[in-house]
Amino acid sequence: MKTTDTPPTGTGDLPGPREAADTSPRKTAVPASPGPRKENKGEGATLNVFSHGILILWAIMVVMPLLWAVMTSFKTDRAIFTSPWALPDRLHFENWARAWTEAHMSDYFLNTILVVGGSLAGTLLFGSMAAYVLARFEFPGNRFIYFLFIGGMSFPIILALVPLFYVLQNMALLNTLHGLILVYIAYSLPFTVFFLTAFFRTLPTSVAEAAFMDGASHTRTFFQVMLPMAKPGLISVGIFNFLGQWNQYLLPTVLNTDPEKKVLSQGLVQLAVSQGYKGDWSGLFAGLVMAMLPVLAAYIIFQRQVVAGLTAGAVK
């Protein structure tokens, strides 16, 4: 009987061609070398340590002068010069009392609160209204008005001192607190409008549309709906304006020369000049710390709101 050699069909117990191929030893995957990852981790750790070191050094440079000023305000004049870096033997609160009463820091403090409080309220009110219109409504000249506000940020205030002086003099507002309030508002509006315009653009339009559908007017929608939603941005720009207006010295020096209406920055300069001749350095440091405390308290209280407002206005 003649037989023919036939290749196995792969049925039954005999393996087929593919099954036979599967019986060959398989190659296992070789894991990637962990060398580059270790190098990246090492670079990240080095950068992290370096950045933390820079931040710690910066914090020391900022905090140490502040702590030294507070410590010096409770010393006597003799202790300030003989042991400037030592702790005070006791807390001399009479330095603060002397600066508050004899150096008239109480009057300067009250004038500053009135001026900064009025100008801050006006700046936030008018700035938010202008920013809302520029951010939410399209009309001819919208971008032109917006860029006029932006241009006000680049205009040096020193160039406007002489015109401001004669304008306030002609309007009988020179050497008055309400005149200084109006100047502070005008000086702070460009940055406020610039900041809040970007913030109002990030707010959802559906909420305002829902208010219009319910019959609310533009005024009611702004004050009762959009303005409460912009609270983080208002707090952030309010803190920045508060810092700038509280520490303002050039404008009140030129526009407010009445001794009874001087603000805190003018009072500190007068205290430094007068106490410098008398040698009352402890009273000078006490007045300096009094001027710094409201700014520190405002930032500590609203720290989270400031960060929230900055991040909310940066991400749309």
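Where is T176 found? T176 lies in the loop between α7 (161-170) and α8 (177-202). This is a predicted model: local features need pLDDT of at least 70, side-chain atom pairs count only at pLDDT 80 or more, and totals for chains, interfaces and linings use all residues. Residues are numbered from 1 along each chain as its sequence is written, and side-chain values use heavy atoms, with hydrogens and water left out.

**View 1. T176 in its loop.** Helices are DSSP runs (H or I, at least four residues), numbered from the N terminus. T176 counts as buried because its relative accessibility is 11% (buried: under 20% relative accessible area, 1.4 Å probe, protein chains only). Not counting residues up to four places away in sequence, T176 touches N256 and K261 (contact: heavy atoms within 4.5 Å). V115 is 61 residues from T176 in sequence, yet 9.9 Å away in space, C-alpha to C-alpha.

**View 2. S119 in helix α5.** S119 counts as buried because its relative accessibility is 0%. The S119 side chain reaches the backbone oxygen of V115 at 2.8 Å. Beyond neighbours within four places in sequence, S119 contacts I181, Y184, I185 and Q245.

**View 3. The largest nonpolar core.** Such a core is a set of buried Ala, Val, Leu, Ile, Met, Phe, Trp, Tyr and Cys residues joined through side-chain atoms within 4.5 Å. Of its 25 residues, W96, M105, F242, W246 and L264 touch the most other members. Two or more residues each come from α4 (94-101), α5 (105-136), α11 (231-246), α13 (264-278) and α14 (281-301). The largest share, 8 residues, is from α14.

**View 4. Contacts of F242.** F242 touches V116, L120, P294, V295 and A298, not counting residues up to four places away in sequence.

Key: Buried means under 20% relative accessible area, exposed over 50%, partly exposed in between (1.4 Å probe, protein chains only). A polar contact is a pair of N or O atoms within 3.5 Å; within protein, one must be able to donate a hydrogen and the other to accept it, and residues adjacent in sequence count only if both atoms are side-chain atoms.
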